[in-house]
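Trainee: I have a model open and want to learn how to read it. Where do we begin?

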Amino acid sequence: MTWLGLVACGLVSCGGIGGAPELGDMEAGGEPAEGGIKEVPNPSASMAAKSRKPIGQLQRGHEIYMLKCGECHVYQLPQNLDVDEWQEAMPKMIRHAGLESADEKAVLDYVVAVKIERGE
Ligand code: HEC
């Protein structure tokens with residue numbers, strides 16, 4: 001599987017999260033919502049209520065997402081995949097990123113909460 005990582009890195013260039021997230025080719029624009037960028041907003045009470053997840057869990061997921069999930073490829077935004085595609089992709093990505101399964105759950109809960117909040 002390592003060669004896949006190399007391919008991904010070669011195509012989109014690795015690294016490059018210095019302070020502000022490097023958003024690659026996603027569309028720009030929109031005001032930051034509550035301190036986050038529009039596409040990956042900071043967890044809010046409303047997101048927690050609608051997704052029925054504790055806000056701490058969503059905050060953990062958001063943090064890991066911002067730290068890890070743009071390392072090897074451009075950020076895959078919550079809106080890019082359907083919920084079932086996210087469920088399928090996450091276990092693979094957690095292995096790629098070397099995270100624990102609790103982190104996997106947190107990132108998944110976060111991206112799903114963003115989708116629910118937006119009515120996607
Ligand atoms: C160490 C490198 C690496 C890290 C870190 C990483 N990815 Fe990936 N990602 C890949 C590679 C390589 C692919 C290409 C396909 C594959 O391996 O399945 C990929 C593909 C994807 C896809 C496309 C769907 C699919 O099933 O192929 C999604 C969505 C994704 N990553 C999300 C994430 C998220 C969310 C995180 C943070 C937890 C993350 N990635 C962290 C390497 C990484």
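This is a predicted model: local features need pLDDT of at least 70, side-chain atom pairs count only at pLDDT 80 or more; totals for chains, interfaces and linings use all residues.

Trainee: Which members of the largest nonpolar core touch the most other members?

Mentor: The general idea comes before the case. In soluble globular proteins, nonpolar side chains tend to be buried together. Here the largest nonpolar core has 17 residues, and Tyr65, Val107, Leu108, Tyr110, Val111, Ala113 and Val114 touch the most other members. Helices α3 (55–68), α4 and α5 each supply at least two residues of this core. The largest share, eight residues, comes from α5.

Trainee: Take Tyr110. Where does Tyr110 sit, and is Tyr110 buried or exposed?

Mentor: Tyr110 lies in helix α5, residues 101–118. To judge burial, count the C-beta atoms around the residue; 20 or more others within 10 Å means buried. Tyr110 has 27 within 10 Å, so it is buried.

Trainee: Which residues is Tyr110 in contact with, leaving aside neighbours within four places in sequence?

Mentor: Those contacts are Pro43, Leu58, Gly61, His62 and Tyr65. Look at Pro43: it is 67 residues from Tyr110 in sequence, yet the two C-alpha atoms are 7.8 Å apart.

Trainee: How do I read the whole protein?

Mentor: List the elements, then check the contacts. The protein has five helices and zero strands, in the pattern α-α-α-α-α along the sequence. Of its 120 residues, 23% count as buried. Among contacts between residues at least 6 apart in sequence, 69% join residues at least 24 apart.

Trainee: Where does α4 bend?

Mentor: Check length, then bend, then the end. α4 has 15 residues and reaches 20 Å from first C-alpha to last, close to the 21 Å expected. It bends by about 35 degrees at Met90, and a proline, Pro91, follows within four residues. After α4 comes Gly98, with a positive phi near 65 degrees.

Trainee: Which residues come nearest to the ligand?

Mentor: Read a ligand shell by residue, by element and by class. Of the 17 residues around the ligand, Cys69, Cys72, Met93, His96 and Ala97 come nearest. Both α1 (2–12) and α4 (83–97) supply at least two residues of the shell. The largest share, six residues, comes from α4. By class, the shell has 10 nonpolar, four polar and three charged residues.

Conventions: Residues are numbered from 1 along each chain as its sequence is written. A residue is near a molecule or strand if its C-beta atom, placed from the backbone, lies within 6 Å of it. Ala, Val, Leu, Ile, Met, Phe, Trp, Tyr, Cys and Pro count as nonpolar, Asp, Glu, Lys and Arg as charged, and the others, Gly among them, as polar. The expected span of a helix is 1.5 Å times one less than its number of residues. The bend at a residue is the angle between axes fitted to the seven residues ending there and the seven starting there. A residue is buried if 20 or more other C-beta atoms lie within 10 Å of its own, exposed if 12 or fewer, and partly exposed in between; C-beta atoms are placed from the backbone. Two residues are in contact if their C-beta atoms, placed from the backbone, lie within 7 Å. A nonpolar core is a set of buried Ala, Val, Leu, Ile, Met, Phe, Trp, Tyr and Cys residues joined through C-beta atoms within 7 Å.
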